[in-house]
Amino acid sequence: MRVTLAILLGKLVGWLSRATGRGGGTSLPGRVALRVCPGLDARLAASLRRGVIVVTGTNGKTTTCKMVAAILRRAGFQVVRNVSGANLRQGLTTTLLAAAGLGGRIGADYALLEVDEAAVAHALRPLRPIALLVSNLFRDQLDRYGELSTTAQRLAESIAADLPDDALLVLNADDPLVASLADMGSGRPVFYGIDCVARGMTEADHASDSHECPGCGTPLTYQIRYGAHLGLWRCEGCGRSRPSPELTVAEAALQADLTERVRLVAARADGASATSADALEASLKLPGLYNVANAAAAAALTLALGVDPPRVREGLESTSAAFGRLERVGMPDGKTAVLMLVKNPAGLNEVTRLIAESGEPRPAMIALTDEIADGRDVSWIWDADLERLDGRVGRVVVSGVRAHDMALRLKYAGMDMGSVEIIADTRAALARALDLAPAGGQVYVLPTYTAMLDLRARLHAEGLVPAFWEELE
């Protein structure tokens, strides 16, 4: 009776939240349900036919989950996931109870849940996942998480204590901290990585956070970098090096239409050299090397779960942008706003890198906010390589409650301040940026998290985008 009451109350709270226009009911239903039945999330997870998949890391969680869901659904599986991005325990519980019947059972194969990297312990213990994917670890919201080493240590402790030994542990081989999680002794490691020298860099950028070997503390050396501290790394002190991936991105080419052509190569189970027969080629709708890495993560996970390569390719090619992540919004005047969420130095660097590679300069809007969900400390903008934007964008409109901080940063990045405007209101700033674009043109929109949610809410009210808790196909 307690389970039924918790589910009933949770569903009612979610309905009321949506009916009153207070959001999608993404966290409150789970919070209420857990107060009534503290073990509800564990019970609901245990009712799934195949189990829970957890995806965590600093950047790329939402996009990777969307890719994994598309692949699994094309393989014939029923999947539930937290599409809104509510990734703490109460949000995860909301997702599970929304899919459950009053008897406490979920009629699906998998629950695919993105989880905040600082909250993994609260997910692994009750949910007992069959797979955990860790995408990357970057410095993010120092006022909340602390230094990167602290986040990595907590994640490692959670894996060692709570990840089932037979679970898949899918890890980014290019990230030294993430790769070292295989040393925790829990889970069955599966590595993925990138081997595209033409898209790499020989020098570290300012957002490189992990400089030392996670084993012995010796400074790492790199043959090539793919952004921040990701790349082909090695420790000359203890000999530790980037693991050989089970899935490698052998080629990635950015196309003129802002798509990516990729070739993924799976390692042979018998240890023999991979051949063309082991390759999977796909065209991704989402550009940028960071999205190539997201695709590799999704492919490595689903192949390890036994999905056939043709279904993996179909799923990757069908995946469009998650809300705010390279989401293209068609405006009534025929112009397009491309929303590119930025929330930490590494993510902002990847976006500016994509802009630098994508061709002709376009107007841009940058919205900087400092709400709790963003992190109160905005000093991270000084660690991002905004110098890349000089000459790569047209006029820039800065917005948000910390707009003047961003304008100052652009000044020190060398931009002509005569081409920078400050408009605090995000919707008015977007309208101005669109005015600066030619007929049929595009505008880059780089908002932090709460600025993105505010802007999308207003675009939703105008009928231009779906609500953020709705699935975007």
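**Two helix pairs**

Select helix H4 (residues 61-74) together with helix H10 (residues 289-304), which pack at an angle of about 40 degrees with their axes 9 Å apart. That angle makes H4 oblique to H10, since angles under 35 degrees count as roughly parallel, over 145 as roughly antiparallel, 65 to 115 as roughly perpendicular and the rest as oblique. The model is predicted, so local features need pLDDT of at least 70 and side-chain atom pairs count only at pLDDT 80 or more, while totals for chains, interfaces and linings use all residues. Residues are numbered from 1 along each chain as its sequence is written, and side-chain values use heavy atoms, with hydrogens and water left out.

Next, show the side chains of Thr63, Thr64, Met67, Val68, Ile71 and Leu72 in H4, and of Asn291, Asn294, Ala295, Ala297, Ala298, Leu301 and Thr302 in H10, which make the contact (heavy atoms within 4.5 Å). By class, the residues of this contact of H4 with H10 are eight nonpolar, five polar and no charged.

Now move to helix H1 (residues 2-19) and helix H2 (residues 28-36), whose axes lie 8 Å apart at an angle of about 160 degrees. This makes H1 roughly antiparallel to H2.

To see where they meet, select Arg2, Leu5, Ala6, Leu9, Gly10, Val13 and Gly14 in H1, and Leu28, Pro29, Val32, Ala33 and Val36 in H2. Colouring by class will show nine nonpolar, two polar and one charged residues in the contact of H1 with H2, with Gly counted as polar and Arg as charged.

Key. Axes fitted to C-alpha atoms, helices over the stretch in contact; angles between N-to-C directions. Helix = DSSP H or I, 4+ residues; strand = E, 2+ residues; numbered from the N terminus.
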